Amino acid sequence: MTDRKQPMAEANRISSMLNMVLGANRFPVKVDEVALEYSRQCFADSPVDKVHGEDLDGMEGMLATNKTRSKWLIVYNSSVRSEGRKRFTIAHEFGHYILHRHGQDRFQCGDDDIETGDGNDRDIETEADKFASTLLMPLDDFRKQVDGQPVSFDLLGHCAERYGVSLTAAALRWTEIAEKRAVLVASRDDHLLWSKSNQAAFKSGAYFATRKNTIELPQDALAHSNNLLDVGAQTQSTRAQTWFPREPASMPLTEMTRVAGQYDYSLTLLLMPDAEWQRPQHDDGEPEEDTFDRFIRNGQHPVR
């Protein structure tokens, strides 16, 4: 039985090899070339033989093998305008190849047809995204870009440009290393699409769960249609209770909002100081679930 591979460990192994060959200043990653060359060198009996774009209907990308499992093909949706999104899709499918190819012959990833594994302790779409994020934005280099600087969408835009990814992907990566509580929210038509809380925020109860209910943006939120201006990024200081009613009345919150480029949604970054730990729990007692992970399992990939 094949040992279960860890997404970030596998991506870091490839990154170390790229550093040795190309040096540390090697970004953005030419992920199509990496997929071809790495698989040929390490898995010569069953490599990725081709990476190309097609006008895919209802899919972002696909990984498939031939009948003899001697060759693999990565396809990305060529109709997507964002080069960063295409790059992430290729990296995601390469992640399926590295992590999951022994389990199935075809992976179709998109809004309507996503292979999601068992959805319990292991979700292959989440794992493929972790692999892609780590490969495209290695944590050691990412820290060098942001350490000692206050977060802003300009800073995150610099990271997005360096790594050739979307602003959303760079923002999600930043939340992973944020020292304080941070929540990234995507919204459209005054409603949340998904949110991602870092560990500190999640443990304190600062999260959004949309398992049963559609969540509206607060009326005072910068991303609300009554307040959103088409002038780039906006920032305001407000009370945490505006977004999280259970927060103390004295808890401050910094809110940053920006329309996410070519995508039809707004990004909002919520920043708060540390808080006492609270057990995340629905009012109805159901197990907690990060709404970003649920968004991914429902077949949508905002980071691409």
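Start with a helix pair: Phe 153, Leu 156, Gly 157, Cys 159 and Ala 160 of helix 6 touch Leu 167, Ala 170, Ala 171 and Trp 174 of helix 7, where contact means heavy atoms within 4.5 Å. By class, that contact has eight nonpolar residues, one polar and no charged; Ala, Val, Leu, Ile, Met, Phe, Trp, Tyr, Cys and Pro count as nonpolar, Asp, Glu, Lys and Arg as charged, and the others, Gly among them, as polar. This is a predicted model, so local features need pLDDT of at least 70, side-chain atom pairs count only at pLDDT 80 or more, and totals for chains, interfaces and linings use all residues. Residues are numbered from 1 along each chain as its sequence is written, and side-chain values use heavy atoms, with hydrogens and water left out.

The axes of helix 6 (residues 153–163) and helix 7 (residues 167–177) come within 8 Å and cross at roughly 110 degrees. Helix 6 and helix 7 are therefore roughly perpendicular (65 to 115 degrees; under 35 is roughly parallel, over 145 roughly antiparallel, the rest oblique).

Now look at helix 1 (residues 7–22) and helix 4 (residues 124–136), which pack at about 30 degrees with axes 8 Å apart. That makes helix 1 roughly parallel to helix 4. Helix 1 brings residues including Met 8, Ile 14 and Ser 15 to the contact, and helix 4 brings, among them, Phe 131 and Leu 135. Here the classes come to six nonpolar, three polar and three charged residues.

Zooming out, the protein has nine helices and nine strands (DSSP runs, H or I of at least four residues and E of at least two, numbered from the N terminus). Of its 304 residues, 52% are buried, meaning under 20% relative accessible area with a 1.4 Å probe, protein chains only.

Definitions and conventions:
Axes fitted to C-alpha atoms, helices over the stretch in contact; angles between N-to-C directions. Buried < 20%, exposed > 50% of the residue type's maximum accessible area, 1.4 Å probe, protein only.
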